Amino acid sequence: MSAVPPDATDHLPEPHDLLPFDQGADQDDRLTRRATPVAPEQFLFLGMGLTAAEFRSYVRDYDFGTIPPDFVVLHHTANPCTRQARYPGGVLWDADEDELDSNEIKARRAQRLLVIREHYRTHPAYRWDRGPHLFIDDRWIWLFTPMRDIGIHAAQGNSYQAHGRLHYSIGIEVVGYYEQVRWPEPVEQLVASAVRVLHDRLGTFELRYRPYAGGLSSHRDYNKPQCPGTAITEDYYLAVIRQATAPADELPPITEDAPILGPPSGRLEQAVAYIKARLAPDSEYRNDVETIMGYYWSHAPAVGVDPFLAAAQCVHETDALRSYWAARPRRNPAGLGVKSREEGLSFPSWDLAVQAHLGQLLAFALTDAQANEAQRAMMQRNPLHASLDPELRGCAPTLRGLNNRWTAAPNYATSVVARANAMRRSTSPR
């Protein structure tokens, strides 16, 4: 699975008029077209082709950084095209492969991917230093631009700021021209697998049509009405992705050594399903679980906190929103300031309550010197921050550090871990 050398371009064919619907996809102030091309080694490019199983393993261990992507944009390449999905006058991605074995086909397609990189890098209409994140054909999921970096592929659908938070997408190019035909079955399977793996790993978007953050979308939602092809409707690709067999959960169990700072280790829908299964039918929160838990996924990624672990701590502290301190008007998500029924913090909204909880977690995980500006600002949203014992600052980069500190319980982290792993096993009806 080694990457193609970034300077191996001396034997490539001349670039054709490739990717006809990608022009204009760089309409972002931070990712502007360059007067001269960047050097090949400066282009953000991986060039690896992975099977569905290899991609699942790759994503399982991948570091998405402190702000993970939270939506997906689907494209078609049009040109290059395929024998089953031809573009008029286009270059065939899978040409002359009938007599080749799998390794030869993979090497040939890796070279074609390198041609695409050079097209993005050198063509006057582009001159980018990156592109989409994935290219998917009938055999492999190709890694193009690293997924922890903002890509260029969909103009305003690349990334944007809202309410002080960065949102960015994973751009997926499906190889072929899908104006008249739909994805062949092998392509369907790989697209569905890739999206499901990202959904299960990140927990930052849902398997529903929703342009911008929180769901799946099409290139035409942003700047190109021809992409990902007339035949690839939203109803079609949602059905393909939802009906596919979900990949086996190969994530290792959460342990006490799980870092508090990091990408989501579970999904929002798992937290919601776990709580709903335990709430009484007449609970005051019966219809508010998605909203309350959603605040963790809204605020935690922007400051680097794993929202799933923070939610699991809330579930542990509030007994799945059933405790005295969770009830209105207190809305205390994590025993903040609680030593008896007469003490403890109350909050006018769950939004503010969750931010205070995240601020306390950050203060346990980081010192001021280790924190960035956004993290320090979140810490200040905790009314207890100024009175926090200085010895507790930075004492808990992992859950284990909360033992004997968040509360006097010596096995506190064990209880949070038990909730987290139980939540991971919870699923909502599809």
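Mentor: Here is a walk through the core, its cavity and a strand elsewhere in the chain.

First, the ground rules. This is a predicted model, so local features need pLDDT of at least 70 and side-chain atom pairs count only at pLDDT 80 or more, while totals for chains, interfaces and linings use all residues. Residues are numbered from 1 along each chain as its sequence is written, and side-chain values use heavy atoms, with hydrogens and water left out.

Now the core. A nonpolar core is a set of buried Ala, Val, Leu, Ile, Met, Phe, Trp, Tyr and Cys residues joined through side-chain atoms within 4.5 Å. Buried means under 20% relative accessible area, exposed over 50%, and partly exposed in between, with a 1.4 Å probe and protein chains only. In soluble globular proteins, nonpolar side chains tend to be buried together.

The largest nonpolar core here has 59 residues. M293, Y296, V305, L399 and L402 have the most contacts inside it. At least two residues each come from α5 (268-276), α6 (289-299), α7 (307-318), α8 (350-365), α9 (373-379) and α10 (412-424). Helix α8 supplies the largest share, ten residues. Helices (H or I, at least four residues) and strands (E, at least two) are DSSP runs, numbered from the N terminus.

Take M293. Contact means heavy atoms within 4.5 Å. Leaving aside neighbours within four places in sequence, M293 touches L268, A271, V272, I275, A311 and C314. Another core lies apart from this one, with 38 residues, among them L50, L134, L143 and M147.

Turn to A311, which sits in helix α7. A311 is buried, because its relative accessible area is 0%. Beyond four places in sequence, its contacts are M293, Y296, W297 and M423. The C-alpha atoms of A311 and G344 are separated by 19 Å, and these residues are 33 apart along the chain.

A cavity is a set of points, on a 1 Å grid over the protein atoms alone, where a 1.4 Å probe fits but cannot get out; lining residues have an atom within 4 Å of a point. Grid points are joined across faces, edges and corners, and a volume is the space filled by probe spheres set on the points. The count is one cavity of 30 Å³ or more. Helix α7 gives the most, three residues. The lining divides into seven nonpolar, one polar and one charged. Ala, Val, Leu, Ile, Met, Phe, Trp, Tyr, Cys and Pro count as nonpolar, Asp, Glu, Lys and Arg as charged, and the others, Gly among them, as polar.

Now look at strand β6 (residues 165-174). Ten of its ten residues are buried. Two strands pair if DSSP finds at least two bridges between them. Strand β2 (residues 71-76) runs parallel to β6 over six bridges, and V72 has I170 as its bridge partner. Strand β3 (residues 134-136) is also parallel to β6, with three bridges. There, L134 stands opposite I172. Strand β5 (residues 159-162) is antiparallel to β6, with four bridges. S159 is partnered with Y168. Two residues lie between the strands of this β5 and β6 hairpin, where H163 takes a positive phi near 55°.

Note on methods. 1 Å grid on protein atoms, 1.4 Å probe; cavity = no way out; pocket = protein on both sides within 12 Å on 5 of 7 lines; lining within 4 Å.
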